[in-house]
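Subject: A structure for you to explore

Hello,

Here is the structure I promised to pass on to you. Have a look at it first, and then read on for what was found in it.

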Amino acid sequence: MGKYKFLFAISIIAIGLMSVLLASINEKKEEKQQLQEVPKIDRWETKNEEFRKFYPREYDSWKQTKNSDQIEDMLKKYPEYVVLWAGYPFSKDYNAPRGHFYAVEDNRNTLRTGAPVDDKTGPLPSACWTCKSPEVPKIMKKDGDEEYYTGKWAKYGSDIINPIGCVDCHNPETMELQVNRNYLNDGLKAQGSKTTLDNATQQDMRSMVCAQCHVEYYFQKTPLKDGKTAAVVTLPWKKGTNVDDMEKYYDEIQFSDWVHPISKTPMIKAQHPEYETWKTGVHGKNNVSCADCHMPYKQEGGIKYTDHKIGNPLEHMDNTCMNCHRTDEKSLLENVKLKKDRKDELQGKAIKQLAAAHLEAGKAWEVGATEEEMKPILTDIRHAQWRWDYSVASHGAFFHAPEETLRTLGTALEKAGNARIALAKVLAKHGAADYKAPDITDKKQAQEIIGLPFNQLVEEKKKFQDGLMQDWKKDAEKKGIYNPESTKGIETKTSY
């Protein structure tokens with residue numbers, strides 16, 4: 001009899017365990033079903049925290065981009081940059097990019113955006129918001145692209161408040177991947193690409209949603225019918241998407257972002273051509289998308305979702321690199337480090353050559369050099385700096401396309417060297433053969449050399465932060481587009 005009681009007890013326990021297991025499975029099935037049902041979210045809901053109600057895993061992983069909160073002052077690290085960008089906002093302030101969470105925060109606080117006192121002042125155009133917030137495509141849809149591109153950066157100060165997030169890449173009504181900025185498709189069509197947004201596959205879109213921001217672009221001045229001028233974000237892809245093609249394009253339309261005040265060179269500022277450099281590398285050629293490495297799939301119980309902590313894939317290689325590479329992590333990391341070291345070595349040599357070339361050109365003008373003598377020299381400086389900038393402004397270029405990056409930096413060094421050889425002859429001809437450009441040792445010295453009123457800029461910026469910027473936040477809250485809780489506890493960090 002005891003034997004039967006024992007078997008009965010075992011059966012009851014087994015049934016209980018099976019019931020718990022079945023309940024867990026049913027719960028997971030129910031959750032998966034809920035996830036597959038697209039909830040009703042307003043098409044232009046730009047508050048990212050509103051999506052947490054329905055997509056908690058994606059939102060919580062996105063919010064982890066908040067963790068990369070340290071400021072790395074690149075002008076302090078490489079003071080030659082100040083001379084290279086003299087006369088351009090980047091000479092005032094340039095930090096290594098932080099996570100998507102800080103896109104709006106850093107854009108408001110950088111010295112580059114100046115210190116506007118109302119919605120019509122400040123040094124930069126409204127287009128400088130374009131890649132910082134989901135409010136941008138919302139405004140483009142509401143006001144039209146032309147209206148968005150007119151006016152100053154401060155024009156939309158109280159309308160652009162939430163950082164890069166859900167609506168930048170998804171249509172909330174379907175949660176399908178979607179590019180919300182028209183200039184990307186215009187660029188694809190201009191270069192005659194076989195793949196456009198009209199026929200892109202899901203895998204294509206896993207890169208294209210990134211490409212709407214991580215690309216090279218310029219502001220094309222476009223006269224409007226009402227007499228206004230729009231600074232329209234335009235991709236220079238008409239001749240192709242490599243560094244040489246875009247250089248030819250810029251030269252043919254005689255475009256320059258600014259004229260260097262010391263060397264008088266018409267300059268091009270590379271933006272962040274990650275998409276273009278990715279295309280030339282082994283991952284791009286094999287259609288390994290941006291999301292495959294920067295937003296890998298994760299598994300939590302029976303739920304599979306995309307990790308939205310967009311950052312360095314090397315921080316969690318088991319989820320990224322090791323999905324494809326059949327080798328050990330250590331050898332892969334050593335290989336990546338070697339590529340980065342080689343890039344850093346060449347870029348360090350290039351910036352010293354370029355800084356000296358700008359200062360030597362300035363001296364040449366001072367001692368009487370003619371435009372005829374200087375024209376080919378300035379072309380070499382222009383092309384050298386464009387190629388250097390293209391290689392480093394694409395922060396992952398050494399990884400995405402190491403061979404192309406080294407080639408581009410090599411040609412930058414060659415052209416900068418050619419400019420300096422020619423400058424030595426011009427300086428000798430005009431009696432200044434003994435001129436030697438000063439070595440750039442620190443950020444303060446470099447900013448003094450170019451005549452930058454740094455302390456004044458900081459003082460003006462702080463007045464803006466304490467005044468108009470606070471008004472923007474209050475107005476945004478009244479409009480219902482900003483929840484102060486979303487940035488509660490965030491410490492303002494700058495390099496000044």
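This is a predicted model: local features need pLDDT of at least 70, side-chain atom pairs count only at pLDDT 80 or more; totals for chains, interfaces and linings use all residues.

The protein chain has 496 residues, and 50% of them count as buried. Its secondary structure comes to 21 helices and six strands. Along the principal axes, the C-alpha atoms fill a box of roughly 115 × 55 × 45 Å. Among contacts with a separation of 6 or more, 72% are between residues 24 or more positions apart.

In soluble globular proteins, nonpolar side chains tend to be buried together. Here the largest nonpolar core has 48 residues, and W129, Y148, Y149, L184, W237, Y275 and W386 are those with the most contacts inside it. Several elements give two or more residues to this core, including α6 (135-143), α11 (243-252), α16 (371-393) and the strand β2 (229-234). There is also a second, separate core of 33 residues, which includes L75, L84, A350 and L452.

Leaving aside its neighbours within four places in sequence, W386 is in contact with E216, V243, M246, E247, Y250, I268 and A270. W386 also belongs to the meeting of α11 with α16: V243, D244, M246, E247, Y250 and D251 in α11 meet R382, H383, W386, R387 and Y390 in α16. By class, the residues of this contact divide into five nonpolar, one polar and five charged.

How do those helices lie? Two packed helices are described by the angle between their axes and the distance between the axes. The axes of α11 and α16 cross at roughly 135° and come within 11 Å, which makes α11 oblique to α16. Their crossing is right-handed.

The crossing of α15 and α18 is left-handed. Their contact has 15 nonpolar, four polar and seven charged residues.

In α6, the buried residues are E135, V136, P137, I139 and M140, and they pack against α7 (145-148) and α8 (166-169). Just after α6 comes G144, with a positive phi of about 95°.

The other place is S289: is this residue buried or exposed? S289 sits in the loop between α13 (282-285) and α14 (290-294), and at 1% relative accessibility S289 counts as buried. Apart from neighbours within four places in sequence, S289 is in contact with Q203, R206, S207 and W278.

Happy exploring, and do write back with questions!

Best wishes

How values were computed:
Residues are numbered from 1 along each chain as its sequence is written. Side-chain values use heavy atoms; hydrogens and water are left out. A crossing is left-handed if the near helix is turned anticlockwise from the far one by less than a right angle, and right-handed if clockwise. Helices (H or I, at least four residues) and strands (E, at least two) are DSSP runs, numbered from the N terminus. Ala, Val, Leu, Ile, Met, Phe, Trp, Tyr, Cys and Pro count as nonpolar, Asp, Glu, Lys and Arg as charged, and the others, Gly among them, as polar. A nonpolar core is a set of buried Ala, Val, Leu, Ile, Met, Phe, Trp, Tyr and Cys residues joined through side-chain atoms within 4.5 Å. Buried means under 20% relative accessible area, exposed over 50%, partly exposed in between (1.4 Å probe, protein chains only). Contact means heavy atoms within 4.5 Å. Axes are lines fitted to C-alpha atoms, for helices over the stretch in contact, and angles run from 0 to 180 degrees between N-to-C directions. Angles under 35 degrees count as roughly parallel, over 145 as roughly antiparallel, 65 to 115 as roughly perpendicular and the rest as oblique.
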